Amino acid sequence: MKINCAGFLDRSRVNGPGERAVLWVQGCPLHCPGCFNRSLWSFKKTHLISAEDVAETIISLPGIDGITFSGGEPFCQALPLAEVGNLIRREGLSVVTFSGFPAEVLFSSGRSAWRELIRVTDLLVAGPYIRDAPCGTSLCGSRNQEILHLSTRIPRTAYPERDARSVEFTISRHGEITTTGFPEMSFFYQKEECG
Ligand code: SF4
């Protein structure tokens, strides 16, 4: 099964503890008012890539701590993302997963694919973005969202390591600028060509 991938960044310091690759999935059914990532709502096919290829890329990155799954809604592509998690965790790397579903919905779901993604997730950031509930917590777009440590692979002391309003700009060797992080509102992702 392939991942419908909206974007990939091989190194970021604002999407979880340490230096992490980030994969943004295409498609989100939640449509939170004020979402900065509206271009990722559609489930149109964007870049289809296998879990094995993603894992191989991440494992080959020198000094990388793991992967962050963002979106879009990662739990809408839970099975192939869980496969990525399985493969990279075998190499000692860690998984951070963002979800717009509340934690209690994720944990009470009987869906085996969701259980699989939870099983390989070390740090879960869960809950919809609520525009009228701003917060200053690292990794959260609004104060209803929860940060849950699901394993000891990412120590509780690893976060917060910077304030929540960090925004990161990455310029690729081809001149593409990726902007990501936590501005005044929801977390966001944007890619544009350098003129
Ligand atoms: S904030 Fe996240 S969960 Fe909400 S609509 Fe945007 S991508 Fe989906």
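Biologist: Let's start with helix H4. Which residues of H4 are buried?
Modeller: This is a predicted model, so keep that in mind. Helix H4 covers residues 112-120, and its buried residues are Trp-114, Leu-117, Ile-118 and Val-120.

Biologist: And what covers the buried residues of H4?
Modeller: The cover includes H2, strand E5 (94-99) and helix H3 (103-108).

Biologist: Why would residues three or four places apart point the same way?
Modeller: An α-helix has 3.6 residues a turn, so residues with that spacing face the same way. In H4, Trp-114, Leu-117 and Ile-118 are among the buried residues.

Biologist: Nice. Zooming out, how many helices and strands does the protein chain have?
Modeller: There are 4 helices and 10 strands in the protein chain. Along the sequence the pattern reads β-β-β-α-β-α-β-α-α-β-β-β-β-β.

Biologist: What share of the residues counts as buried?
Modeller: That would be 40% of the 195 residues in the protein chain. As for contacts, take those between residues at least 6 apart in sequence: 67% of them join residues at least 24 apart.

Biologist: Switching to the ligand, how many residues surround it?
Modeller: The ligand has 14 residues around it, and the closest are Cys-28, Cys-32, Cys-35, Gly-100 and Tyr-129. By class, that shell holds 7 nonpolar, 6 polar and 1 charged residues.

Biologist: Which residue has a positive phi of about 50 degrees although it is not a glycine?
Modeller: That's His-31. You'll find His-31 in the loop between strand E2 (20-25) and strand E3 (47-50).

Biologist: Does His-31 count as buried or exposed, and why?
Modeller: His-31 counts as exposed because it has 10 C-beta neighbours inside 10 Å, and the cut-off for exposed is 12 or fewer.

Biologist: What about Leu-139, what is its phi?
Modeller: Leu-139 also isn't a glycine, and its phi is positive at about 75 degrees. Leu-139 belongs to the loop between strand E6 (123-126) and strand E7 (146-149).

Biologist: Buried or exposed, that Leu-139?
Modeller: Leu-139 counts as buried because 23 C-beta neighbours lie inside 10 Å, and 20 or more is the cut-off for buried.

Technical notes:
Residues numbered from 1 in each chain as written. Predicted model: local features only at pLDDT ≥ 70, side-chain atom pairs only at ≥ 80, totals over all residues. Near = placed C-beta within 6 Å. Nonpolar A, V, L, I, M, F, W, Y, C, P; charged D, E, K, R; others polar. Helix = DSSP H or I, 4+ residues; strand = E, 2+ residues; numbered from the N terminus. Contact = placed C-beta atoms within 7 Å.
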